[in-house]
Amino acid sequence: MNEQYDFQLAEPRWQAFWEKIKLSNAGLSDTGKPKYYCLEMFPYPSGDLHIGHMKNYAIGDLITRFKIMQGYDVLHPMGYDAFGLPAENAAIKNGGHPKDWTQQNMNAMHSAFKKMGILYDWDRELATCQPEYYKWTQYLFLLLYSRGLAYRKEALVNWDPVDQTVVANEQVSAEGCSWRSGALVEKKSIVQWFLKITDYADRLLQDLDRLEHWPETVRTMQRNWIGKSRGVEIEFQVTDSPDKIRVFTTRPDTLFGMTYVVLAPEHPLVHAVTTEKYRSQVTEYCKSAEKMSEINRLAATEDKTGSPTGGYVVNPVNGEKVPIWVADYVIGSYGTGAVFACPYGDERDYAFACKYDLPIRKVIEPAQNTLIENGFVNVETDENGFVIDKKSMQNACVVDGEMVFSGEYNGMSNRDFWRAIADRMEKEGWGKQTVTYRLRDWLVSRQRFWGAPIPIIHCPSCGEIPVHTDQLPVRLPEGDNIDYMPKGKSPLAAHSEWVNVPCPKCGDAAQRDTDTMDTFVDSSWYFLRFCDARNDNAIFDQKSANHWMPVDQYIGGVEHAILHLLYARFIQKVVHDHGLTEHSEPFKALFTQGMVQTRQIMPDGSEIVATMSKSKGNAVPVLPFVQEYGSDAARLTILFASPPDRDMIWSEEGVDGSVRLMSRIWRLYYNYQDIFGKMKFPKTFDLSNLNPTDKSAYQKLHWAIKKITDDMSDFHFNTAIAAIYELTNLLYKLKEHDDLSDPVMGGILETLVLLLGPFVPHFAEELWRQIRGATYEKSVFHQSWPKYDPAALIKEEITYAIQVNGKVRAQITVPADSDADAVKKIALNFPKVQKWTGGKKIKRVIVVAKKLVSIVAK
RNA sequence: GCGAGAGUGGCGGAACUGGUAGACGCGCUGGAUUUAGGAUCCAGUAGGUAAUUCCUGUAGGGGUUCGAGUCCCCUCUCUCGCACCA
């Protein structure tokens, strides 16, 4: 054994060894081992792995190795989310085909993964840009199409002016910027492909309750994103017109308080209800509203604008005529694009009514004690319930109460009235209860080149014709005569020999659809493909999918809480409904790791903290770090630095501690190398036969086994590593004692290697081989994870803390089987305690078993 | 504005259902060994204090309790998500 551990030698050696013995290949044996599917979100092949990636993949590898040692048949695959704009932008900048740039990056990442020693089943490696993969993405699209879940329509969509393509709602930030380019999106009306995720809204919502191993935050975010609300749809007759305006509301109980109706500027009836007198004003308003939303969707909150139309509707409950307004605080694409306004009970309507001096009618008398809560001030009304001084209200009344000025319903609680009026409108036929979702259909067409072509042919006479599945994949053109420059249309459109094909149905001249799919489609099913990655005849084999799915542990960043995770759940459900898998949820447990950030000093001297990513230019690559300290030290540092779910600001400080720990452990084995090979070490000991030194070493080991095993299941890797430090520190102390015996120390060192395995795998493998000798051929990861000896955790003596009047004043150590009275007696007679109780009357003594004694003295 | 989470030494972070706050690590200080060390080992390290003493301390303020980082109320700060969703 060398005096020092040489990671530069050991790491490649054991990486090759693991590959040779197929340690990372899943499903090889029929030994009846239970399956375990561990998956990290696959990366976009941006070039090289940075520290943020490393954190993600280190966690996956840790779990994988831990589960292998626990006797599972572990599936742990890796691939690349390889379609996407950066490749295309690189092709524009440097020439060449996006394919080549992507392939280069994938090669670089593949070798980085290997240098990190992460245990992947490389036989299942995939890249979404390979025809062998996107063939099945296209197949999936056609499957959706055949089930009526993919359709084309013209819609006002989010246009990214930088990337020259549309993006989905989910892909636009709250500030109105595109998730990729960061550009402010514009609104544009284009014919687009959509996936009907709204059909699954309710199931996506309900099944969230079943995902008990998902973080609550992610479930809440998805719940909010789906945004289910129960309400009613009411139809209002427009006066002097056959038209009816349908509105959606969750507050039909405020119907008597309706004083006007509002249409969104893009509502189809705006022009029909507008009278001549208001026509030019309304047209002008709609135009400016459209422009507004293009310029800044943020602007609106305070300053609501609108215009009367001159039209009126009739309130079915009291026959009153109220004016129709058009205003952009109503969103065209949500609900019916129209609302009835009750300024009394809705803050937005209240603000609008104040601005345009529209009447407010009181309909709910809040209970006295709820008045102050909302800043609402009760106000005087005239005999018809109209508020006399609007401003004096200060705020809308959004609390529950009793109905007033609501005809025969006066005195009813507003909640009861809600149901009563809903029943009545259904009976009388002017309204019905409905459910509305915030979730919209998933817009999947992209006007760019580097994605899976949408496998549809447009024929002038036959219309949309899906490409026959045996004609898949619809391959992207190769060669270097392609102009990737974005022009608002996919570069494919300019490639005439690609576009022009005979119609599969009639044979006449037809054109391929030139859009490509959103890359989130590619990644919404890759976990299924991993179950059967080399299948040329089917998207995946049902038996394989049923065996491996669901993913037992999915690991990735929170940034995908809505986008990817919602899409993947949707696709899994579709595939399930199609009979391809028995599971309707893809990810049984989800762990969202915190992001790795960097601290940057800006040119103006200010400091910013930003998530590490290549596109931000602040990515710290892993390879130099790994080359300097070794993969094991690198991951140990990252895992020990903070709990994995917390964001961390990256710094290399701390790596010295990891290196130090490993060399300390190495020297421990170096010192004891003579005893290995000479003797066989017992696994457990009878504590009563051990001397105090042996005993405390043995007890600490078993404490550590328990601690590490428990922490591992809770993803508390930092405290598990702390336990390794503690054990090592104690062994260093004890080895100076003469009575530390070889059998005990040998047994501890044999077990410690196993505990190290998931954290520093190369190092552990090297030590294991050193212990077992050069002729030994098995991996440490074929050893089973150690179990703790419960007897070692039983304490014979217990230290009690003694508090006098709430302050800790002394400690006493008593035999573990001492009863409360005995402990109390010792405590009260303890000199240090008497110093504080002397001259006082003992009023109360509380003994908390195995913990402390609390004395109250006066 | 709404929703979620967080605030503990110089720093990263520990602390199970209320029970000795600061585990473990980084850094720092002192010592040992060494030709030398950014190697190794030992000791110390929340603040105050002469003290192996006592006091004060988990963003701030109140409360419950024998006992509060942990539970309750109020305030402040930060992060994330949604953002006129009717």
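This is a predicted model: local features need pLDDT of at least 70, side-chain atom pairs count only at pLDDT 80 or more; totals for chains, interfaces and linings use all residues.
View 1. Strand β5 spans residues 150–160 and pairs with β6 over three bridges. The sense of that pairing is antiparallel. Both strands belong to an open sheet of four strands, ordered β6-β5-β7-β17. Pairing in this sheet is antiparallel. Which strands form the edges? They are β6 (165–167) and β17 (442–443), and each pairs on one side only. Helix α5, residues 131–146, packs on the sheet. The helix touches β5 and β7 (186–195). The direction of α5 makes about 85 degrees with that of β7.

**View 2. Strands β8 and β9 form a hairpin.** Strand β8 covers residues 229–238, and strand β9 covers residues 244–249. The two run antiparallel and are joined by six bridges. F236 has I245 in β9 as its bridge partner. Five residues lie between the strands of the hairpin.

**View 3. A second open sheet has four strands in the order β2-β1-β24-β25.** Here the pairing is parallel. The edge strands are β2 (73–75) and β25 (590–593). Each of these edge strands pairs on one side only. From one strand to the next, the twist averages 20 degrees. Strand β1 is made of residues 35–40, and strand β24 of residues 553–557. How many bridges pair β1 with β24? There are three, in the parallel sense. E40 stands opposite I555 of β24. Strands of a sheet pair through backbone hydrogen bonds, either parallel or antiparallel.

**View 4. Helices α22 and α23 pack against each other.** Helix α22 runs through residues 742–756, and helix α23 through residues 761–772. Two packed helices are described by the angle between their axes and the distance between the axes. For α22 and α23 the angle is about 155 degrees, and the axes are 8 Å apart. Angles over 145 degrees count as roughly antiparallel, so α22 and α23 are roughly antiparallel to each other. The crossing of α22 past α23 is left-handed. On the α22 side, the contact residues are L749, E750, V753, L754 and L756. On the α23 side they are P761, F763, A764, L767, W768, I771 and R772. How do the residues of this contact divide? Ten are nonpolar, none is polar and two are charged.

**View 5. Helices α2 and α18 pack at an angle of about 95 degrees.** Helix α2 spans residues 51–69, and helix α18 spans residues 631–641. Their axes are 10 Å apart. The angle therefore makes α2 roughly perpendicular to α18. From α2, the residues I51, M54, K55, A58, I59, D61 and L62 take part in the contact. They meet S631, A634, R635, I638 and L639 of α18. Eight residues of this contact are nonpolar, one is polar and three are charged.

**Confidence for the views.** Chain A has a mean pLDDT of 89. Of its residues, 96% reach 70 or more. The model scores ipTM 0.94 and pTM 0.92.

How values were computed. Residues are numbered from 1 along each chain as its sequence is written. Chains are lettered from A and ligands numbered from 1 in the order in which they are written. Side-chain values use heavy atoms; hydrogens and water are left out. Axes are lines fitted to C-alpha atoms, for helices over the stretch in contact, and angles run from 0 to 180 degrees between N-to-C directions. Angles under 35 degrees count as roughly parallel, over 145 as roughly antiparallel, 65 to 115 as roughly perpendicular and the rest as oblique. A crossing is left-handed if the near helix is turned anticlockwise from the far one by less than a right angle, and right-handed if clockwise. Contact means heavy atoms within 4.5 Å. Ala, Val, Leu, Ile, Met, Phe, Trp, Tyr, Cys and Pro count as nonpolar, Asp, Glu, Lys and Arg as charged, and the others, Gly among them, as polar. Two strands pair if DSSP finds at least two bridges between them. pLDDT is the predictor's confidence in each residue, from 0 to 100.
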